[in-house]
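Subject: Structure handover

Hello,

Here is the structure for your files. My notes on helix packing and the ligand site follow below.

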Amino acid sequence: MQTLLQQLINGLSLGSIYALLALGYTMVYGIIKLINFAHGDIYMLGAFWGYYVINYWHFNFIFALLSAMLVCAVSGVIIEYLAYRPLRHSPRIAALITAIGVSYFLENGMSYLYGSSTRSFPQIIKQVNYHFGGVQISNIQILILVTACLLMILLQLIIKRTKMGRAMRAVSVDPDAAELVGININRTISFTFALGSSMAGAAGVLIGLYYNSIDPLMGMTPGIKAFVAAVVGGIGSVPGASLGGFLIGLLETGVQAIGLSAYKDAAVYLVLIIILLILPAGIFGKNTKEKV
Amino acid sequence: MAMLSVDNLAVNYGVITAVKGVSFEINEGEIVSLIGANGAGKTTILKTISGLLKPVSGTITYEGKQIQKEKAPKIVAQGISQVPEGRHIFPGLTVKENLQMGAFLQSNHQQISDTFGEIYKRFPILKQRENQDAATLSGGEQQMLAMGRALMSKPKLILLDEPSMGLAPIFINEIFDIIKAIQEQGTTVLLIEQNAKKALSIADRGYVLASGEVKLTGTGQELLANADVQKAYLGG
Ligand SMILES: Nc1ncnc2c1ncn2[C@@H]1O[C@H](COP(=O)(O)OP(=O)(O)OP(=O)(O)O)[C@@H](O)[C@H]1O
Ligand SMILES: [Mg+2]
């Protein structure tokens, strides 16, 4: 029972980071039907930004987090503008290959500029462990969970309650009709990249605090896992991405806990395959029926 | 001077010529109907007026200004809104949110809520279904929603692309009554229809299109009485 609870806490902490990352995949896919393979690398940029501003400019956690979100938002907008927008009307595969190219560019560019070695993320918040009847939870885990949940609620409010959020949903389902009511498609897509990338930036800073180490290739595996989370939740669905992220986090810690550490990544892919077989649209997948 | 005048408009899809040198005009306050068989180019003309397609040649002049190079949002902002063929409401958004989208470019909250009131008065069913996913509405209700959405921008000119498509006769009558009422409240109407008889009977003037060209024009009554029109579009 105690181990179970313990794994639940660990799994939710990790899962909340996957969830933040999965949101970007799902929103971008929802609006331009692109799997943005460079999304994991935005998360890496966020972590590096956090590393630098904490070490050199002595930012505190909140400022490091917010500035990483801002920097990643801008990066996401620039990447979309330079790499994906010119291909908007090309076959989808062209944009997909470009996304892989952007990902390599960011990974190798960062390795070239800052070296490929692993660095330890500054621990601005001193870790304190709390014990409740044999279950341990650290202040960092609480911070990650609370931050991630607040950001997800904020995002959901933006999407559901604001004019830009409605515009995002309208463009996702029917770009031509959206233009006919006066929505600027390019601006809406930029906004979507900004939102998704800012979530990735936050996730990068949080993972730095949690795992204490960062490197230019750190975005690859979590990126793929978050993508799986988005698919499991139903790609295009925002609540689905959050749920998927938590599920993948729980699965990964669960597999580790039963001593199969070496298989934790394989388990994630196994879940992807199973989901694609039995629930191809994902848990919250939409089967939009349109009346003609 | 005409409110909207289309001169020698030609539109291609790649190598396919869909509209070749069409000219027509709409005066303020009129209902003008474009009729023509499937594939005649009607939808293409509307999409070009709305800025979704760019013509290869020809001009579209609205209130004295050429607009054929402008983008769709800019055209809505100038008071032309469209109810597209097949309705194209936003599934996944509620009825109310769909209407809010129609007022996307409006910033005066008081005016938006007044317009909401007018639309709900005209389409009481939309008020009843306010918080329902728009995709769950029936076809006729979706048509009303699409019209309501277009009216939310307070257009001076409304473009209707086959509003009676796929509707039961009783709904069709209701839609045509609504179109008439829209005109009476001061909005100019460009109406595209397969249902030529109904369309011409409420139109001030009409144009008959065939394979991308205007073949015939006249008042609604003249066209209704025309032997060629009767043969081709009114079933004899
Ligand atoms: N996206 C497209 N790509 C290529 N050709 C197109 C496209 N859309 C329309 N066309 C062609 O352009 C011509 C005019 O089409 P349009 O949709 O304007 O006709 P329409 O008069 O609205 O017909 P309907 O009454 O069936 O709606 C047709 O020959 C059609 O096949
Ligand atoms: Mg048509």
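At roughly what angle do the axes of helix H3 and helix H4 of chain B cross, and within what distance do they come? Please keep in mind that this is a predicted model. The axes of H3 (residues 95-102) and H4 (residues 109-122) of chain B cross at roughly 125 degrees and come within 11 Å. The crossing is right-handed. On the H3(B) side the contact is made by B:Lys96, B:Leu99 and B:Gln100, and on the H4(B) side by B:Phe116, B:Ile119 and B:Tyr120. By class, these residues are 4 nonpolar, 1 polar and 1 charged.

Chain A has two helix pairs to report, and H9 takes part in each.

H9(A) with H10(A): H9 covers residues 220-233 and H10 covers residues 238-257. Their axes come within 7 Å and cross at roughly 125 degrees, and the two helices are therefore oblique to each other. The handedness of this crossing is right-handed. From H9(A), the residues in contact are A:Lys225, A:Val228, A:Ala229, A:Ala230, A:Val232 and A:Gly233; they meet A:Gly240, A:Ala241, A:Gly244, A:Gly245, A:Leu247, A:Ile248 and A:Glu252 of H10(A). The contact holds 7 nonpolar, 4 polar and 2 charged residues.

H9(A) with H11(A): H11 covers residues 264-278, and its axis is 10 Å from that of H9(A), at an angle of about 25 degrees. Because angles under 35 degrees count as roughly parallel, H9(A) is roughly parallel to H11(A). The crossing of H9(A) and H11(A) is left-handed. H9(A) contributes A:Thr221, A:Ile224, A:Lys225, A:Val228, A:Val231 and A:Val232, while the residues they meet in H11(A) include A:Val268, A:Tyr269, A:Leu272 and A:Ile275. This contact divides into 10 nonpolar, 1 polar and 3 charged residues.

On to the ligand. There are 14 residues around ligand 1, and those that come nearest are B:Gly39, B:Lys42, B:Thr43, B:Thr44 and B:Gln194. A polar backbone atom of B:Gly39 is 2.8 Å from an oxygen atom of ligand 1. For B:Lys42, a polar side-chain atom lies 2.7 Å from a ligand 1 oxygen atom. B:Glu162 also has a polar side-chain atom 3.1 Å from an oxygen atom of ligand 1.

Regards

Notes: Residues numbered from 1 in each chain as written. Chains lettered and ligands numbered in written order. Predicted model: local features only at pLDDT ≥ 70, side-chain atom pairs only at ≥ 80, totals over all residues. Heavy atoms only, no water. Axes fitted to C-alpha atoms, helices over the stretch in contact; angles between N-to-C directions. Helix = DSSP H or I, 4+ residues; strand = E, 2+ residues; numbered from the N terminus. Parallel < 35°, antiparallel > 145°, perpendicular 65-115°, else oblique. Left-handed = near helix turned anticlockwise from the far one by under 90°. Contact = heavy atoms within 4.5 Å. Nonpolar A, V, L, I, M, F, W, Y, C, P; charged D, E, K, R; others polar. Near = heavy atom within 4 Å. Polar contact = N/O pair within 3.5 Å; in protein donor to acceptor, adjacent residues only side chain to side chain.
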